[in-house]
Amino acid sequence: MLPNDSLNYDLVFKHAKIGMALISPTGTFMKVNSTLCELLGYEQHELISLTSQVNIYQAQIDELVKYGQTMESMNIDQHQFEQCYSQRSGNRLYITMNVSIVRDITGIPQFYFTQFEDKTLLRQMGSMLQSTERNLNENEDSFRQLLDKIPQSVFITQNGVFLYVNPAALRLVYATNIEELIGISTRAVVDESNHAALYERERNHDKDYPLAPICYLINCLNGQQKLVEGFSLTITYEGKRAVAGIFKDITEQKQHEEQIMRSEKLSTAGQLAAGIAHEIRNPLTAINGFMKLLRTSDHKKELYFEIIESELKRIEFIVNELLILSKPQASHTSNPLNILPILEHVITLMNVQAALNNIEIIPLFTMTSIWIDGDINQLKQVFINLLKNAMEAMNYGGTIRVTVYYNAYEVQIAVQDEGIGMSPEQINSLGRPFYSTKDKGTGLGFMITQNIIHNHGGAITVESVLKQGTTFTVKLPTISETEEYM
Ligand code: ADP
Ligand code: MG
């Protein structure tokens with residue numbers, strides 16, 4: 001048996017997955033289905049018994065009736081519009097209402113057949129999507145703005161090929177257009193001498209521990225070379241795994257550092273020169289005297305020549321030391337070397353000036369060799385700086401003791417003076433560039449000393465008592481003595 005019209009209609013109403021109601025033209029719920037009850041959170045009888053006086057949905061129903069009247073007046077039977085409903089729990093529902101006017105045979109409206117389509121979730125998702133999209137856009141925008149503005153050069157690469165560079169990076173390498181770099185291998189920019197380091201870095205990007213800063217020599221597009229320092233790390237860029245490198249140009253800084261080193265060396269050399277000139281004058285006077293004697297007499301010739309020769313050697317030694325000191329700083333080299341002869345050399349050199357100030361530098365060590373890895377000229381500079389400071393602290397003369405201790409791992413060289421000493425504040429300020437308590441001081445000597453010692457894997461400590469004296473102790477790692485070094 002085919003279901004008749006009304007039965008069919010009733011079944012659909014009952015089982016529909018969509019909320020449905022029949023609403024009278026005066027605005028009362030005549031019939032509601034269970035889906036609508038679930039949706040609104042009310043029982044059927046609660047909705048149906050709502051009178052126009054106490055109707056929680058009065059505003060919506062009023063609106064619906066108004067729509068209904070307009071539909072009637074315009075002879076439209078069906079219409080769709082949006083409405084907001086509150087659930088019993090208070091939650092807000094966004095509903096699309098489908099209203100059909102059901103009329104009797106004579107065409108008079110009997111009731112409104114309404115379908116409540118719940119669009120709350122869709123709407124929430126929509127606004128969520130919208131805000132995420134906005135956020136994403138904002139993030140990407142601010143990310144780009146950040147990259148465009150930061151003074152550091154940012155390079156994003158993939159498989160060793162440039163994917164993106166910021167304006168600072170373009171300026172760094174003297175590129176005018178991003179196209180000049182995109183798609184080009186990093187090896188075309190990083191100097192060949194650093195390719196091994198670059199390769200090593202690329203291999204380490206996969207490790208998950210933080211990587212240390214790295215320094216590269218780069219070749220700019222105009223052929224100029226620059227030194228850059230920075231970090232590189234893996235990131236996700238446009239959904240793909242990439243490497244971001246953030247670098248800054250340290251070429252000038254490095255040049256400046258070298259300049260400082262050089263000016264301190266020159267100033268030390270200049271100050272030493274006064275004493276040395278004095279010292280050179282003595283052998284020259286002696287030589288002159290013997291030359292005169294040689295002209296007048298024949299005997300003792302041998303002795304005079306010997307004396308002249310040894311005095312000339314001494315001049316040569318002093319002048320050589322002075323030249324080494326004022327030579328521009330070659331970069332740090334590392335060779336096995338015996339530290340004791342170096343120390344003796346420097347003491348001999350410094351004793352020249354010390355004697356003028358009533359100061360004696362006494363080496364207190366008897367061993368003849370202790371081997372370390374290092375740069376001979378830089379180590380000389382260290383001991384010259386320490387002895388010079390010690391001498392400058394001793395206005396009334398006295399003794400400077402140079403002591404050496406060592407064990408299997410390290411050698412300790414202590415320079416102990418009998419000078420004015422240092423207050424705790426002074427000790428704290430040591431190593432700060434340009435910190436000096438002297439009229440003609442540069443305030444760079446100790447900083448350079450410390451740098452050199454650190455570059456050698458060592459350390460320097462200070463102990464001082466005001467008005468009694470100061471001891472600087474240099475510690476350096478030793479290496480084992482082998483025949484080939486000797
Ligand atoms: P400068 O010798 O040009 O002043 P340094 O860096 O060599 O610069 O030393 C910085 C300061 O540390 C000195 O001006 C001085 O005040 C202090 N100082 C360094 N060595 C000694 C020392 N042996 N005794 C007392 N003060 C010292
Ligand atoms: Mg000094």
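Which residues form one aromatic cluster? Tyr-42, Tyr-57, Tyr-85 and Phe-116 do. The model is predicted: local features need pLDDT of at least 70, side-chain atom pairs count only at pLDDT 80 or more, and totals for chains, interfaces and linings use all residues. Residues are numbered from 1 along each chain as its sequence is written, and side-chain values use heavy atoms, without hydrogens and water.

**View 1. Tyr-85 and Phe-116 form an aromatic pair.** Rings of Phe, Tyr and Trp (its six-membered ring) pair if their centres lie within 6.5 Å; planes under 30 degrees apart are stacked, over 60 edge-to-face, the rest tilted. A search of the whole structure finds eight such pairs. Here the centres are 5.4 Å apart, with 65° between the planes, so the pair is edge-to-face. Tyr-85 sits in strand 3 (residues 78-86) and Phe-116 in strand 5 (residues 109-118), 31 residues apart. Strands (E, at least two residues) and helices (H or I, at least four) are DSSP runs, numbered from the N terminus.

**View 2. Both partners of this pair are buried.** Tyr-85 has 1% relative accessibility. Phe-116 also has 1%. Buried means under 20% relative accessible area, exposed over 50%, partly exposed in between (1.4 Å probe, protein chains only).

View 3. Two strands pair if DSSP finds at least two bridges between them. Strands 16 and 17 (the latter residues 469-477) pair antiparallel over seven bridges. Ala-459 has Lys-475 in strand 17 as its bridge partner.

Conventions: Chains are lettered from A and ligands numbered from 1 in the order in which they are written.
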